[in-house]
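Dear colleague,

I am passing on the structure below for your files. Please have it open while you read the notes that follow.

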Amino acid sequence: MFYVYAGPRVFLNCPLNSSLPHIEMWFINLWNHFIIPYLTATTLDGIKQYGVDAKVEWVDVRDWMLDTYPWKNSSDMKNLNTVTREDVGFIQALRQQKQSSPVSAGSQQSLQDSSKPSHHSSEELPVTPLHSNRMESML
């Protein structure tokens, strides 16, 4: 399963000294203009990098938000946007994966063999020294 996280920093500008309707409008704007685009972009990147799994059920983030929405009696909750499978190319990526050729048995065996730990002694393993200029750039 692929999870996307956004830290609490995005909520620091919440106008806590405002009225509840104003705070709700602030949140809807944050949701629609920051959180949803962030989730969409991050999910797109994840699909490009890791692909998709046909067994994974798509979860609508708006459904989760509506279940936990603090303004339950508000008519403005209908203004919350969502991320659909189509928005991130989930179905297209799934089709492409199904159309791609399966890994041959020989290739699969060589992958399994290469992933097995080798039984070399520590003296046989190559040692790469750390270069001082590389360390300085990390600091």
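A residue is called buried when its relative accessible area is under 20%, exposed when that area is over 50%, and partly exposed in between (1.4 Å probe, protein chains only). This is a predicted model, in which local features need pLDDT of at least 70 and side-chain atom pairs count only at pLDDT 80 or more, while totals for chains, interfaces and linings use all residues. Residues are numbered from 1 along each chain as its sequence is written, and side-chain values use heavy atoms, with hydrogens and water left out.

The protein chain has five helices and zero strands, where helices (H or I, at least four residues) and strands (E, at least two) are DSSP runs numbered from the N terminus. Of its 139 residues, 23% count as buried.

In helix 3 (90-99), the buried residues are Phe 90, Ala 93 and Leu 94. They lie on the same side of helix 3 because they cover an arc of only 100° around the axis, the arc being that of the directions from the helix axis to the C-beta atoms. Helix 1 (20-50) is included in what covers these residues, with contact meaning heavy atoms within 4.5 Å. The face turned away from the buried side carries the exposed residues Gln 92, Arg 95 and Gln 99.

Thr 82, in the loop between helix 2 (61-68) and helix 3, is buried, with a relative accessible area of 14%. Not counting residues up to four places away in sequence, Thr 82 touches Ile 36, Asp 60, Val 61, Arg 62 and Asp 87.
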